Amino acid sequence: MESMNPGGTGKDRAAWSMIRAAEEAQQLPYPIYASQNQNGTTKIADVDHAPEYLSGHNDGAIKLESSNENTGKSYDEIILAAGKLSKTGGIVVEGTSGSTGISLAILSASRGHGCIVVLPDDQAIEKRLILQSLGAQVQVVPTASISNPHHYVNIARRIAERARMRWGYHAVFIDQFENTANFQIHYEETGPEIYQACPHIDAFVMSSGTGGTIAGVGKFLKEQTNGKVQIVLVDPPGSSLYNRIEHGVAYATQQAELGLRRHRYDTLAEGIGLDRITHNFAIGESFVDNAIRVEDQHAVDMAHWLLTVEGLFVGSSSCMNLVGAVETAVNLPQESNVVTVICDSGQRHLTRFWNRDFCLSRGLIWPGDCDRRIPGCLIDYVK
């Protein structure tokens, strides 16, 4: 139940690991509270952080450069707003579908850093509202392929660079998709936690957003079980990862993607599935045995089933994982142990995944309109 973490998802682990790595690499200042250096001496962050050339100026007196994205505030307005809230002179910048951004915003606030999050416009609006409530500066941009310079990740990278070069802040682009601190935390902590709780595990089933969880956990579990545990990828419609695992073909980051039609509108699921191979996923790809494609309708059915039968109100990624876990379990011997992750709450999906009108507009059946709609993966096992 990673959805019970303070940030509401399993992304808290990766966010903490990546921010800590940036601080240790001195890409970000030390947090505002005391911390111990390797030699045991105490280091306190310097809170007198504003660049000297900003002294004596108010926001209205500073020339603001246009972002040229036509998507809201200029880069400079966002940077200065985040810098104003930073107590360390550090700014955390990330392009995210929401969950990692929320975790980063919480940690940034507690450590004294400013935070800027760039979101694609196909995410539930409640994620944006949560981010703003946490003090993050939010830029919403149209969805696009990663090869497009206007992709939300590419825009976040440019904002971080501008914050450093133009305004002198200690700004870091977290780069969750390629940042190996993401993989490392799941290899060092999530995997061992799972193995300690379930040493006789037969399968680990997980979707992939950045790839950090399935790669890190998969590698650790394979090593602990001498390769006996099955690692199964769950993939939503429109993602290229299923074909990568099953057929060895997908668009990688170094390939041109101009012909790729998927622009994130192919699935109701948020935060999982990709049109490229990230570095985090590539690290653990060889440990993934097979993949399962889960349709949106099956995830919606599972969500409503969990609510009415188990009293669990979870989000789209969790439901995708659970459908995949059930489909994996029914193909294993009885008494096998299958582990997956409940990684998000339904509270962040009220305007899309848990919205009747939105689901109907996507051609889906709303389970609440039926007397009793059993998820397809459970039909043969539920009376």
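Here is a short walk through this predicted model, from its sheet to the helices beside it and then to the parts to treat with care.

Let's start with the sheet. It's an open one made of 4 strands, and reading across it you meet β5, then β4, then β3, then β6, with parallel pairing. Now look at the two ends of that order. β5 (137-141) and β6 (170-173) sit at the edges with a single partner strand each, so one side of each has no neighbour in the sheet.

Next, zoom in on one pair. Strand β3 covers residues 90-95 and strand β4 covers residues 114-120; they run parallel and are joined by 5 bridges. If you'd like to find a bridge yourself, pick E94 and look for its partner in β4, which is V117.

What lies across these strands? Helix α3 (residues 99-111) lies across β3 and β4, and runs at about 170° to β4. Then there's helix α5 (residues 152-165), which lies across β3, β4, β5 and β6 and runs at about 160° to β6.

Finally, how far can you trust what you see? The protein chain has an average pLDDT of 85, and 84% of the residues score at least 70. Two stretches need care, though. Over residues 38-71, pLDDT stays under 50, and the model has 62 contacts beyond four places in sequence for them. Residues 251-265 also stay under 50, with 41 such contacts in the model.

Definitions and conventions. Residues numbered from 1 in each chain as written. Predicted model: local features only at pLDDT ≥ 70, side-chain atom pairs only at ≥ 80, totals over all residues. Heavy atoms only, no water. Pairing = 2+ DSSP bridges. Helix = DSSP H or I, 4+ residues; strand = E, 2+ residues; numbered from the N terminus. Contact = heavy atoms within 4.5 Å. Axes fitted to C-alpha atoms, helices over the stretch in contact; angles between N-to-C directions. pLDDT = per-residue confidence, 0-100.
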